[in-house]
Amino acid sequence: MSLRDKKLMAVLAGTALAATALAACSSERTETPAAGGETGGEAGGLIGIAMPTRSLERWNNDGENLEALLQDMGYETSLQYADNKVDQQITQLQNMINQDPEVLVVASIDGTALGPVLDSARAKDITVIAYDRLINGTESVDYYATFDNYQVGQLQGKFIEEELGLADGAGPFNLEPFAGSPDDNNAKFFFSGAWDVLLPYVEGGQLVVPSGKAPASNDEWTNIGIQGWESAKAQSEMENRLNSFYADKKVDVVLSPNDSLALGIEQALDAAGYAPGDEFPIVTGQDADLANVKNMLAGMQSMTVWKDTRTLGEQVATMVDQIVQGEEVEVNDTETYDNEVKVVPAYLLPPQVVTPDTVESSLVESGFYDAAELGL
Ligand code: GAL
């Protein structure tokens, strides 16, 4: 095992990755002097980390985890959050570039808006890694690290197919589909993964969409997109659908692409009188946010697709170190992610389904959550 791996293992063993409370939105900058790389100066230098927002739970974990890993590898870090505001993220990136970082790690808010500012990074030979979300329409992105986004949607679609017995001809069931933020490149992959499983059942009549909000193809996903992945927007959209189309019928299943939307949807269903437990509609999710895992244990959400952000942090820290040390950068997908200018070499990690009865074996035993946090 290499020194770097030993360091990583030491960091992971030491890092308590407690779920961070949803901090008030703020853009902050954390510059911590180098801990003094013990790799004879091979590692070291400044790494810029740009995260989209603190108001969506997972990015707090992503940012702090990656920062801790890099600092223990001997790097300086500048970690910035941008309140889901594109202009703010562009300004933060420009400020980072002015400080001559070795590498920029960017989780974009709008992947189509960063070309010009990243061109100035490229002009200074700063390597850019797109983190979790692809950066589109530019030459100025070098690598991409994420979870298999299409697989996320497939896991949600297949979960619904299995739970309802659709492959055995069961139905009809009332479905309400939702999609993610229209400016998020991942959202189209999540939706296509799920809709490739579910659309045939909609076309065959086993799944009925009383609101009529069923895209006829994957390309029309933005018609049901929820801007900014905001829970409140998903809640009011679900309330509108319940009030307009469900006076005399019941919702059986909701396709929610992630947990922040699922939370809003569940609040609308709860307020409309759907009792937690077997009577509650099937609701999908993603990210294993704390409130949603609690809802799963309370019978108000059926599953979440867990993406262990610690493993993404590990992979990106490894890629940063390989870049700085002039080594070949590890990727495992050089075909899927075409950003309309080039195919960006990517490293994809596997997502996994968590259900109420696998919360302990997956989220607690791996240390992602303490049992006490979940009331277990
Ligand atoms: C996606 C990300 C998901 C989810 C969503 C909202 O890009 O892959 O994990 O968190 O953003 O933040």
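Is F368 buried or exposed? F368 has 5% relative accessibility, so F368 counts as buried. Buried means under 20% relative accessible area, exposed means over 50%, and partly exposed lies in between, with a 1.4 Å probe and protein chains only.

Before I go on, the ground rules. This is a predicted model, in which local features need pLDDT of at least 70, side-chain atom pairs count only at pLDDT 80 or more, and totals for chains, interfaces and linings use all residues. Residues are numbered from 1 along each chain as its sequence is written, and side-chain values use heavy atoms, with hydrogens and water left out.

Now the whole chain. Of its 376 residues, 56% count as buried. The secondary structure comes to 11 helices and 13 strands; these are DSSP runs, with helices being H or I of at least four residues and strands E of at least two, numbered from the N terminus. Contact means heavy atoms within 4.5 Å. Among contacts between residues at least 6 apart in sequence, 74% join residues at least 24 apart.

Next, the aromatic rings. Rings of Phe, Tyr and Trp (its six-membered ring) pair if their centres lie within 6.5 Å; planes under 30 degrees apart count as stacked, over 60 as edge-to-face, and the rest as tilted. By this rule there are six aromatic pairs. In one of them, the ring centres of F368 and Y369 are 5.1 Å apart and the planes stand at 80°, so the pair is edge-to-face. Y369 is buried too, at 1% relative accessibility. Elsewhere, ring pairs link Y144, F189 and Y337 into a cluster.

Some rings have a charge over them, meaning that NZ of Lys or CZ of Arg is within 6 Å of the ring centre and within 35 degrees of the ring normal. The charged end of R54 sits over the ring of Y81, 4.0 Å from the centre. For R241 over F178, the distance to the ring centre is 4.1 Å.

On to helix α8, residues 259-271. Why does its length agree with expectation? The expected span is 1.5 Å times one less than the number of residues. For the 13 residues of α8 that gives 18 Å, and the end C-alpha atoms are 18 Å apart, so the two agree. Buried residues in α8 include L261, I265 and L269. Among the elements covering the buried residues of α8 are α7 (231-245), β9 (253-255) and α9 (290-297). Just after α8, G273 takes a positive phi of about 95°.

β9 also belongs to an open sheet of four strands, in the order β8-β7-β9-β10, with parallel pairing. β8 (207-208) and β10 are the edge strands, each with a single partner, so one side of each has no neighbour in the sheet. Two strands pair if DSSP finds at least two bridges between them. β9 and β10 have two bridges, and V253 has I282 in β10 as its bridge partner.

Strand β5, residues 127-131, has five of its five residues buried. T127, I129 and Y131 point one way, V128 and A130 the other. In a regular strand the side chains alternate between the two faces of the sheet. β5 runs parallel to β4 (residues 103-106), joined by four bridges.

Last, L349 in strand β12 (residues 346-349). L349 is buried at 11% relative accessible area. L349 and D148 are 201 residues apart in sequence, yet 5.9 Å apart in space, C-alpha to C-alpha. Beyond neighbours within four places in sequence, the contacts of L349 include D148, T311 and Q315.
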